[in-house]
Amino acid sequence: MQTNNTLRWAAIGGLFILPFVFFYVPDSMFFPFITGKNFMFRILVEIIGCLWAILAIRDAAYRPKRTWILYSCIAFLCVMAVADIFGVNPSRSFWSNFERMEGLVTQLHLLLLFLSASAILSTEKLWESF
């Protein structure tokens, strides 16, 4: 139980750090105002997602609830994946480019953020604080 509590608070800490990615601007990248923020966002979301996945495996309370909004997000992502596969440039549709960074990979990270935030921020007080 102590491990679950530690994992939960680490994930909550990651979620509360996420809005401050806006202030991160690395000097070493060609598009510092876009790529650095996106890479940091993806890294943080993957860490939060891993913590959430471990919690979901250990405790059923952290598994996603079956709601219409969840099904809508998954359906949207499936339609987008099919459109990307049959698009003019599937590689560009999947990865996007460093100037935009809005491909399917980003959408997958946003779905992971949606799943983990909806499971981890379980009380109204946490949502209001977030």
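Before we start, one definition: contact means heavy atoms within 4.5 Å. Keep that in mind for Ile120. Ile120 touches Arg8, Ala11, Ile12, Leu15, Ile48, Trp52 and Leu126. That list leaves out residues up to four places away in sequence.

Now, the whole chain. What you see above is a predicted model. The chain has six helices and zero strands. Read along the sequence, that gives the pattern α-α-α-α-α-α. The C-alpha atoms fill a box of roughly 50 × 35 × 25 Å, taken along the principal axes. There are 130 residues, and 35% of them are buried.

Next, the core. Which residues touch the most other members of the largest nonpolar core? They are Leu15, Leu18, Phe41, Trp52, Leu113, Ile120 and Leu121. The core holds 27 residues in total. H2 gives the largest share, with eight residues.

Trp52 is in contact with Ser116, and so is Ile48, leaving aside the neighbours of Ser116 within four places in sequence. Ser116 sits in helix H5. Is Ser116 buried or exposed? Ser116 is buried, because its relative accessible area is 0%, and the cut-off for buried is under 20%.

Over to Ser96. This residue lies in the loop between helix H4 (90-95) and H5. Ser96 is also buried, with a relative accessible area of 17%. Look at its backbone, too. Phi of Ser96 is near 70 degrees, a positive value in a residue other than glycine. Most residues other than glycine have a negative phi.

Last stop, the surface. The chain exposes about 8600 Å². Carbon and sulfur atoms supply 69% of that area. Where is there a nonpolar patch on the surface? Look at Phe20, Phe22 and Phe23. Together these residues have about 420 Å² of accessible area. Phe22 is in the loop between helix H1 (2-17) and helix H2 (35-58). Phe22 counts as exposed because its relative accessible area is 58%, and exposed means over 50%.

That is the tour. Thank you.

Conventions:
Residues numbered from 1 in each chain as written. Predicted model: local features only at pLDDT ≥ 70, side-chain atom pairs only at ≥ 80, totals over all residues. Heavy atoms only, no water. Patch = residues over 30% accessible without salt bridge, like charges linked within 9 Å, V, L, I, M, F, W, Y side chains within 5 Å. Areas by Shrake-Rupley, 256 points an atom, 1.4 Å probe, with all protein chains shown as cover. Salt bridge = Lys/Arg side-chain N within 4 Å of Asp/Glu carboxyl O. Helix = DSSP H or I, 4+ residues; strand = E, 2+ residues; numbered from the N terminus. Buried < 20%, exposed > 50% of the residue type's maximum accessible area, 1.4 Å probe, protein only. Core = buried A, V, L, I, M, F, W, Y, C linked by side-chain atoms within 4.5 Å.
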